[in-house]
Each structure stands twice: as C-alpha cells, then as structure tokens.
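Biologist: I have a few naming questions for you. Could we go through them with the picture open?

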2 protein chains.
Amino acid sequence: MSEIQRPGALYQQVAAAIREAILSGEFTAGAPLPSETQLIARYQVSRPTVRNAIAALRAEGLIEVRHGKGSFVRTTGTPALTINRRVTRSRGGQFTSADGIEWTTAEAPAVFRSHTTQATGALLGLDAEEAVFVCDRLLTDPATGTRALHRTTIPFEVAEGIDTLAEAPDREPDAIYALLSEAGHTLWWSETVRARMPLPDERTALQLPDATPVMHLARITHGTDDRPLILEELRAGADRAQLVYRITADKAAATRSSRNA
Amino acid sequence: MSEIQRPGALYQQVAAAIREAILSGEFTAGAPLPSETQLIARYQVSRPTVRNAIAALRAEGLIEVRHGKGSFVRTTGTPALTINRRVTRSRGGQFTSADGIEWTTAEAPAVFRSHTTQATGALLGLDAEEAVFVCDRLLTDPATGTRALHRTTIPFEVAEGIDTLAEAPDREPDAIYALLSEAGHTLWWSETVRARMPLPDERTALQLPDATPVMHLARITHGTDDRPLILEELRAGADRAQLVYRITADKAAATRSSRNA
DNA sequence: TGACGTCACTTGTCCTGACGAGTTATGAGT
DNA sequence: ACTCATAACTCGTCAGGACAAGTGACGTCA
C-alpha cells in the first residue's frame, strides 16, 4: 500500500481505507465499488490481499458482491417486516396479544412425527427423544416477499389430551390456542429472542444475503400449573425483520419499581 | 477430494464434509479439528481450498480458530446472559417490568452532548440534528464476564422540562423513570429488537468472537399523550445473550383473539 | 530444581499464476 | 432494424510457494 501505515495486516489496512471511503460518503449506498483490478492498482497489492479485504467488509455486512457485476455498498434500509407483540390491558381485564403482519403460507405445511432434541426438550420440560408432532411452514409477506420459517412442536402427550388435536396437528396457532382454552387451560406465553448466523439450509430457504443473522423467536404456550404445552419457533432474516414489544399499563397503574436496562 | 462429488465448489464439498463430521458427532463440542496440513492430506486439496472451507465454517459460527493452536468446534452453550422482561398484571392493577440480571458498571458512565441522527431522531419523533444528552455505559455481568453496551438518549427539550434531570442526565434508567412519573407522566414502553453484524469497535468493546451478531434492543419510554421521551439502547453479543418476554394474563383473562406467529 | 532458549507445531499473511463462470457491451451478420 | 455470437469485463475457484507470528513442549544450562 502506498498509504500511511495503519495497524494490522495489509488487507486490514485496505479494508479500513475502503470502509472509511464508504462511511465518508465517497461511495454512497448502492453505488459500485472499484473492481478488484482497480483496487489492486490503487493500493499496489496483490489480488488475494484485495479479496481478503473485501471478504472482511462482506463479513461486516457493509458491502455486497455480485458475481460478474462487482461490489456494491449495501443499503441499510429499515426492516420491511415488523413483528408486533402487544400486551394491552383494555377494559374488563381482557388480554390481547397480536401480530401486525399478514402472512401467506406459500406451500402446504409439512407435518411429521419426530422426537425432542436436547434443546427443544428442555424448553418443553421434557427429556430428549420424546415423541412430538412437528409442523413446518414457510411464511411469506406478500407485500415485500420477505420470508420466515415457522415451526410448531406439539408433544404427543399434549396432543392426545386435547380432542381433535392429535388427528390434525397442522392447525394454525390460533386454532390450537382455542382448543387448549376450551380444554380448560389458562394460557400464558413466554417468548425467547435469540440471534445467530444461519445454517446453509436456512440461508437458502430464507434467501439471505451475506453476513445476515437470523432472529430466532421461541414462543412457549403454558397452560394450567404453568405446564409447557406447545413450542413455536419463528426464524427470519435479521436484515428485514424486527420485533416490537409494546408494554402498556392502564391509567391506574402509575407505580412501578425494580431495575431496568 | 477423494470423496463422492457433491454440489458446488471443492471447498464447499470439504466444508460440507467437515460440517457433517461435526454434526454427526465425530468432533464433539470444544474438540480440536484436524490441522490444515492434515485436512490437506485427508481431502487431497490445496491449502487455499482448505482455508476457504474453514472460512465458510467460521462464517457459520460452527467452528472457532485460534492462531497457533488450531480449529475447534464451537460450544453452543446456553446464553449466560438472559434479559428478562416481565409484563405481569398482579392484584390492584399494578404493573411491573423487571430485569433478571445484576449489572456492574465497569467504568464511570460517559456523558456528552450530541445530536440526533436520522435513525435515533425517527425513534424519538424528532428531526435529525436535534440536541440530546447521550450517556454511555459498559455493563458487565460479574458472574460470567459478559459485556453489554447501554446508551441513554435524552432530548434537551425533555430534560429541561423535568427538574434536576438536565443537571445530571447520567442517572440510572429507574431514577429517570421516577422523575418522569413525579412530573405527572403516565409511562409506557415499546421495545424493538433487531440483530446485525457488529461494527469493528463493537466487536472489540464486546469482545465478540467471529461470526457473532449483536442483538440491538431499543426501548422507548413514552409519556402522556404517547409522546416519546427517552431512548435506551442495549447492545450485547448474541452468543451470550437472549431476551425473554413473559406475557402473563391474570386468571380472569381467558379470552384471546387475533393472529399469532 | 528452576529459568530460559530452541524447535516443531499451529494458523496468518501475501505473492504469482491460471482457468472457470456470470454479465454486458460491441459488432458482425441477417 | 434486429439477432446473436463474440469479446471484454467482472468475481469465483484452485494450485503452489514463501515467510511471519502465535503456541507449547522439550531440553539445556545455571
């Protein structure tokens, strides 16, 4: 490199130079970066070094590379997909939890029998290798084309206790909640949000670009005696999706306490 | 490669072979993978191909590489850090929202005056370039050493309306909430959860390993007339942190409706 | 016994060279 | 004017080589 010596390896210096050029506005969002050949000439380094620098910027999610076309500055648009959770206490003590999106199920849901893994078993309060129904859905937001993977896991022993559930476990969550309520359960939910890098099959199924994490939402429906009944998992690309929790107290509730972060 | 031809490039075949070896249990969590030299001999490919395969597995977060030591299967342990949000309606209509963690503020919080960016301005219902107080904290969980970045953003016009807030904006969130309540505000919160790849400075501040996303939690405190008052942001490595929302209805509330995902 | 230097291992960096594969503009032929 | 083959660009893949840098074990020397 002909530039001033920065800390670290050559390719990191190149990456830092390109990063600054992007952040300073020399390359605006969506604009093409110089080609590898041009970067080689510009910084007087070999092609592996340039490619290494580009790989670093890709891993940061700062740029996007298209085969045969070039590298482009990624657009950091607002997520097209907002999953709303509302916890509202309206009059009469009624409780409402709602989504804001209209999903479309592209293909028929895939239902199969399986067993709990160590991870899912722990969430459902079961041992590993317990028999469960699994129902997979590919959800699509028709407005933007954003995709999400939805999976419902119902233990056999829960399904058998509820009339008509074991015969058709591929119901929509609402219908299942209704069945559980009719069976006398008082329901509450816990939702666990995590993020991680996608597995290869998730990358293709969700059509994720480089360096895009998936958000993993695990919702557990609890019944009477706080017994975990059903596990729902929602996976969506973090570049398009965000989760919003709205926590509302009614007017009488002004007192609050304890720590918050 | 001496193995059966799989789809895709050579390095992807090698990566797939190693991935299967990990998932099938040939290499358990924490165990060292064969060295690059050994992988070259095993699959009869060149070093760039092996390194490319390893890079792919690193980007997936499946393995971890330590300079001079080797590659290791990453432990997919349960997050050490669980941020709990409880939305409980106990008797008398009391409202409680609480964390489950005890944070330690390693260094003194850094307070400075700044301006809203386009992103933060939109969240607070302000234009860009509006004057705000910003308070940065580095939080540490003493039990595990897990770190998180906390930022409080208070617009000038909010701070000036509240007695003693403008003089000492570096209070803990609870104290600020108390001040707002005393000033006659009825508070409610909205929390937006997103995930993305960390910027380089976040990587170092949070001590993140490779291919680890950050979870970005933006909590907005709303006051009377739903006016956005304060923005809190919490950033933590997604390898260690998870967010749990517990949604509880009291016993009278059995009815529920609308879609859920 | 203890301290320390050396050496053999590991991954990291960087180079040269070559060809394959996707994209697009050019231009010849119809 | 239109079609289509070609060429010239882009990035992707793969080879082989060389040296730097981090790690740990081993053996030597005090």
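Modeller: Gln207(B) sits in the loop between α7 (200-206) and β10 (214-222) of chain B. Helices here are DSSP runs of H or I with at least four residues, strands are E runs of at least two, and both are numbered from the N terminus. This is a predicted model, where local features need pLDDT of at least 70, side-chain atom pairs count only at pLDDT 80 or more, and totals for chains, interfaces and linings use all residues. Residues are numbered from 1 along each chain as its sequence is written, chains are lettered from A and ligands numbered from 1 in the order written, and side-chain values use heavy atoms, without hydrogens and water.

Biologist: Why is Gln207(B) called exposed?

Modeller: Exposed means over 50% relative accessible area, buried under 20%, and partly exposed in between (1.4 Å probe, protein chains only). Gln207(B) has 53%, so it counts as exposed. Its phi is near 55 degrees, positive in a residue other than glycine.

Biologist: What makes strand β10 of chain A mostly covered?

Modeller: Nine of its nine residues, 214-222, are buried. Val214(A) and His216(A) are among those pointing one way, Met215(A) and Leu217(A) among those pointing the other.

Biologist: How do you know that β9(A) and β10(A) pair?

Modeller: Two strands pair if DSSP finds at least two bridges between them. Nine bridges join these antiparallel strands, so they pair.
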